[in-house]
Amino acid sequence: MIAMDRVSKVFSVGPVKVPALTDVSFRVAKGEFVVLHGKSGAGKTTLLKLLYRTEVPSEGDVEVLGQPLAKLSRRGVAALRQNIGVVFQDAKLLPGRTVYENIAFVLRVLGTPRGEITARTFDALRAVGLHSRARAYPAQLSQGEAQRAALARAIVRRPALLLADEPTGNLDDEMGNEILQVIRDIHAGGTTILFATHQARLATGLRRRVLVLEAGRLVKDDG
Amino acid sequence: MVGFLVGEALRDLRRAGRVAISAIVLIMLSLAAVGSFLLLSGNLGHAVSAWRDRLRVIVYLKQEPSTAAASALARKVEAMPGVAGVRYVSRAEALASLKKTLGKDASAAEHLTANPLPASLEVTPTADAATPEGARRLVERLSALPEAEEVAGGVEWVDKLARLQRLVTLVGLGFGGVLGIAAILTVTTATTLVLHARRHETEIMRLVGAPELVIQLPLLLQGMVQGLLGAALALVALAIAHAFVAPKLVPLMAAALGLGRVDFLPVLQIGAIVVAGAVLGALGGLLARGRVAA
Ligand SMILES: Nc1ncnc2c1ncn2[C@@H]1O[C@H](COP(=O)(O)OP(=O)(O)OP(=O)(O)O)[C@@H](O)[C@H]1O
Ligand SMILES: [Mg+2]
């Protein structure tokens, strides 16, 4: 499902080189639930970005859904992203649209038949327990609700792979656990999960395979 | 999908707000300018062709020929290139028609002791001889006739009218062109605003793997909607102006140019104005996209 082979990523900020990832190699099999743990700035978001190809590695090879990403055309990138659900660290909900519209938006831009859109949008909203807030605008949501809306948008197309970047970010334990439960349910449905978090409690408490990043290096993989 | 694209385009237009409205107004002004000059030029064109149809070259004869000689001469002239028709006017006929023209002042003619009018041939030029160059050659040929005393008639002034018509068209296109460029720039500004307002949507679309066409089309569409609205408003303004001004203009046009009516734009030009609006808007949209991509 995922393979990284000796991947490094260096950002250039003017003359300064910022190494975000160094020599990272690992694989994730289909159907796995993997936690990506590391302190702030360890490189979690960068690693996920390499997987849905908004960043390209400085060195090494990345393979996602059985596809090497190195020589992907623009169209190929679009096709890849259609099969990956991403919960962005900053949620990225469209402020001018309701929760319902935010989720339906993805279906509409990808040409889902009109008749299916409502049903599929509500399926996703129910899966995250947010169907009663369908008409709310993002500004009217609590953080937990916003994260669940972002999660609903990520799964509305039933992707084979879900990349979740700090979906429990700043939430209290109770809210965090609720979201975790939703992700567990999604995993139970057959979706491969890569879950990034800086919270040690979640990393160990989930009793799943954990990849630990420290300053851009993969220092632990208990898989 | 079409509904979605159009919906997004309209949403963007609302977001561009005032700038989109000024873009629409500018497109309207530029197309209304072109349209009104086309209107003027079209009607001048009618006058030109009406006058070309009525154009005659008169060959005054040295002496009144016998009936047989007259018809022989008419046949000879009819065979000349550039001649569509010939009518022989005898001296008596010329006097009769002068009296008719003078109407109640005909008594002046009664005092004439002798008929002062010469016999003549009324030559109708063919369409291609009704140009200044063609007419000059026709006049030359007719002057060479041994029977001809004098040849009168030319097309210079009709040609002046035709030149005026071309000038009006050019001024209109130039004027409209300048306004059109301003309109394109305003659509570009409006679209740049739209691009800014749309950046989150664009980002999400890219991130979920939307086809590039779906990402770009709403931009193009909102530009085209601005253009089409501008064109529609321009046509409405022209139609209203025509409805109010034309009846007042008819007597003047009739007196000056012999034109019985002032027509609105032909369907083809109405279509061209609508297409021009859509193209102006789409160009503005495309320019903004290029500007942002660069
Ligand atoms: N676009 C960029 N340009 C320059 N440096 C960057 C860029 N993106 C990330 N970095 C740097 O790369 C390193 C890793 O950043 P990254 O966002 O991947 O960390 P993270 O583990 O996701 O942190 P957090 O838990 O705070 O989200 C950091 O030092 C960061 O400053
Ligand atoms: Mg991060």
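Predicted model: local features only at pLDDT ≥ 70, side-chain atom pairs only at ≥ 80, totals over all residues.
Reader: What area is buried between chain B and chain A?
Author: The two chains meet through 18 residues of chain B and 19 residues of chain A. Carbon and sulfur atoms give 64% of the area buried between them, and that area is about 1700 Å².

Reader: Which residue of chain A meets B:E8 in a salt bridge?
Author: Side chains of opposite charge can pair when their charged atoms come close. Between chain B and chain A the count is four salt bridges, alongside seven residue pairs in polar contact, both residues being at pLDDT 80 or more. In one of the salt bridges, the N to O distance is 2.9 Å, and the partner of B:E8 is A:R97.

Reader: Which element gives the most to the side of chain B that touches chain A?
Author: The elements of chain B that give two or more residues to this side are α1 (2–54), α7 (199–207) and α8 (212–257). By class, the side holds nine nonpolar, three polar and six charged residues. Seven residues of this side come from the element that gives the most, which is α7(B).

Reader: Which element of chain B has the lowest mean pLDDT?
Author: Chain B has a mean pLDDT of 81, with 90% of its residues at 70 or more, while for the complex the predictor gives an ipTM of 0.92 and a pTM of 0.72. Among the elements of chain B, the highest mean, 91, belongs to α7(B), and the lowest, 66, to helix α4 (residues 107–110).

Reader: How many residues apart in sequence are the parts that A:R209 and A:E32 tie together?
Author: Over all chains, the whole structure has 20 salt bridges, and one of them joins A:R209 to A:E32 with the closest N and O atoms 3.0 Å apart. Because A:R209 lies in strand β9 (residues 209–214) of chain A and A:E32 in the loop between β2 (16–28) and β3 (33–38) of chain A, the pair ties together parts whose separation in sequence is 177 residues.

Key
Residues numbered from 1 in each chain as written. Chains lettered and ligands numbered in written order. Heavy atoms only, no water. Contact = heavy atoms within 4.5 Å. Buried area = accessible area lost by both parts, 1.4 Å probe. Salt bridge = Lys/Arg side-chain N within 4 Å of Asp/Glu carboxyl O. Polar contact = N/O pair within 3.5 Å; in protein donor to acceptor, adjacent residues only side chain to side chain. Helix = DSSP H or I, 4+ residues; strand = E, 2+ residues; numbered from the N terminus. Nonpolar A, V, L, I, M, F, W, Y, C, P; charged D, E, K, R; others polar. pLDDT = per-residue confidence, 0-100.
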